[in-house]
Amino acid sequence: MAETILRCEMIPLDQLKSVLESAVPGAQAEMLRNDAPSAQHSLRIDNEHALAVSKFLRADPRLRLDYCSNVTGIDWPEAVLKEKVKVRAVVAGVEKEVEEVVEKRRPGYLEAVYHLYSMELKHGPVIIRFRTTNRTDQVRLTSLTPVWRGCEFQEREIYDLYGIVFDAHPDLRRILMWDGFQDYPMRKDYVEPDDYEYEPTPHDKVLEKASRHLPRHTIP
Amino acid sequence: MDAPVTRSTASLIPSPEGAGRPNYTLRQKTSDSGEIAGDLLEVSMGPQHPSTHGVFRMDVVLDGERVVKLKPVFGYLHRNHEKIAEDTTYLGSMPYTDRLDYFCSLTNNWAYALAVEKLAGLQAPERAEYIRVITAELTRLVNHTCLVGFLLQDMGASGTPLMYAFREREKVLDLFESLTGARMMCNYMRFGGCRCDLPPGWLEAARQVVDSYPRFLDEFERLLSENEILIARTQGVGVLPGDLAVNASISGPMLRASGVNYDIRKVDKYGIYDRFPFRVPLGEHGDTYDRYTVRVLEMRESVGILEQALRDIPPGPIMDPKSKIRGFRPKPGEAYGRIEGPKGELGFYLISDGGPNPYRYRVRPPSFINLTILEDMCLGHMVADVVVILGSVDIVLGEVDR
């Protein structure tokens, strides 16, 4: 059996950025470089045009990204980043290049990352990311479930574990944690409760009954 | 150009409070003209149901015996695997990946090792790649054999097919035990290679198992493939069209049963899969019978890969000399590595911030995502078919719930 696998060369990511911005009016994309040997760079896309951009990515004949493989959240709490910058300074009367540590404040935000592949053209991944404004009250992103059904459970999982609220998701409920759970366990500042018996079990009632029968075993 | 959606619009009834209530609720069904036309029954199937492959629950709304709505409910086994892995070192979560899909610990190991190798720029030597292919294909044999056994068990063929499957699985597990020291929780791969070399005589033993496998498959197929009951219960049941399967991110044998030619071993050619000629079995109708057939055919292709790998395996080192066990700190960056696991695309997404622990560790669990489409496949079928359809999805709750 002769097997031929079509392997179309995809548009490089920096070109894809300009293609996107011209195809979807008003959309803004920012290329984020990845310095690891994997060299999987990604595109950050503004939230307003999320749906239009993803529809374009799925429909464009050069891309045909019909398969949304992996969707995941990332928590970036507010942090102070230290960066080494080379500055020209006068040291002991001589002008030199000196390394200086500059502190930069990074505001906290939550991020949703989508890994897209094309089953038709057999290329990928194209990685797109969306960021919320902060981690507390402005945590809404647009759901991409209307474009790729496969996002449905994964976006529910992000909502469950990170607390990103996806607008226009058909069924946004907790999926792995139970319905009455309050916090978002995958956030970096999540504190595990001491009381693991959180679930509403008949424990207290049972203990109360037991203490009525055996007053000397009264639970404080 | 929106996603095809076939979900029902019926809403679930809020369950009444209080313990000791029956696991079903009745509510009135109205016809189109607004008259009351009988009752709808809401049943909670699971979590302790023998057909749900673990602690998995389905909220099913039934009209007579037909499914009107189905919502999978899971998370009973959730232990936040990803958080635990972010709190430990890169190597520290290698044994924990065994516990994801506890049927296929070696492919889980490989997927994780592959992602870390992409992140840190390591390359496993040739012999290690061969060992990885051999163990992964043996795992695929075990997984598919047992899946067929469980599927038949769910259909009511209690005992025989499953015991046949377990008999063969035992031989492969013996191989795993002599290689890694454990039958199921193998913890065998390392970043840039494997933990230990093959013990003496292992290749010969593996060859014997592989050589006897086609005979077992013939026997299995003679027993099952043309069985009238199997055909009656599976053909035309749970049909999944190819375009919907792609849109819903379905992967693995389930996708190929719907006729989509996408095998990551062929597409990504990770490891040394470009050296092995093998065919990708495709289904025609996308029903449960095709999902069964695709798995059986895939096992035959795996046997072919194994025969070649066992013949060609070269001597040599099994670890990349650049790999470090202690003080392993990849440079900041991120990587997504994926392999064709027996259940579908198993991927790991890692972000490093330069520390000894991953900043972000994400598992792309195939059986979790394959469940997205369960409701669409079950609508309009009988309750008994739900059991069969779920069996053909091939889920393991350790991986679904993580």
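Reply: Lys71(B) and Asp171(A) meet through their side chains in a salt bridge, with 3.9 Å from N to O. This is a predicted model, and side-chain atom pairs count only at pLDDT 80 or more. Between chain A and chain B the count of salt bridges is six. Polar contacts between chain A and chain B come to 30 residue pairs, both residues being at pLDDT 80 or more.

Several elements of chain A supply at least two residues each to the side that touches chain B: helix 2 (50-59), strand 3 (67-76), strand 6 (109-118), strand 7 (123-131) and helix 3 (151-162). Strand 3 of chain A gives the most to that side, with ten residues. Sorted by class, the side of chain A that touches chain B holds 28 nonpolar, twelve polar and 17 charged residues.

As for extent, the contact draws 57 residues from chain A and 57 residues from chain B. Arg149(A), Phe153(A) and Leu176(A) supply 17% of the area that chain A buries against chain B, more than any other three residues. The size of an interface is often given as the accessible area lost when the parts come together. Here chain A and chain B bury about 4,700 Å² between them, and 51% of this is on carbon and sulfur atoms.

From its first C-alpha to its last, helix 3 of chain A reaches 15 Å over twelve residues, close to the 16 Å expected at 1.5 Å a residue. Helix 3 of chain A is mostly covered, with eleven of its twelve residues buried. Among the buried residues of this helix are Cys151(A), Phe153(A), Arg156(A), Ile158(A), Leu161(A) and Tyr162(A). Phe153(A) is also one of the three residues that together supply 17% of the area chain A buries against chain B. After helix 3 of chain A comes Gly163(A), with a positive phi near 85°.

Asn370(B) lies in helix 12 (residues 366-370) of chain B. Asn370(B) counts as buried because its relative accessible area is 0%. The side chain of Asn370(B) reaches the backbone nitrogen of Ser251(B) at 3.4 Å and the backbone oxygen of Lys343(B) at 3.5 Å. With neighbours within four places in sequence left aside, the residues in contact with Asn370(B) include Ser249(B), Ile250(B), Met254(B) and Val393(B).

Notes
Residues numbered from 1 in each chain as written. Chains lettered and ligands numbered in written order. Predicted model: local features only at pLDDT ≥ 70, side-chain atom pairs only at ≥ 80, totals over all residues. Heavy atoms only, no water. Contact = heavy atoms within 4.5 Å. Buried area = accessible area lost by both parts, 1.4 Å probe. Salt bridge = Lys/Arg side-chain N within 4 Å of Asp/Glu carboxyl O. Polar contact = N/O pair within 3.5 Å; in protein donor to acceptor, adjacent residues only side chain to side chain. Helix = DSSP H or I, 4+ residues; strand = E, 2+ residues; numbered from the N terminus. Nonpolar A, V, L, I, M, F, W, Y, C, P; charged D, E, K, R; others polar. Expected span 1.5 Å × (residues − 1). Buried < 20%, exposed > 50% of the residue type's maximum accessible area, 1.4 Å probe, protein only.
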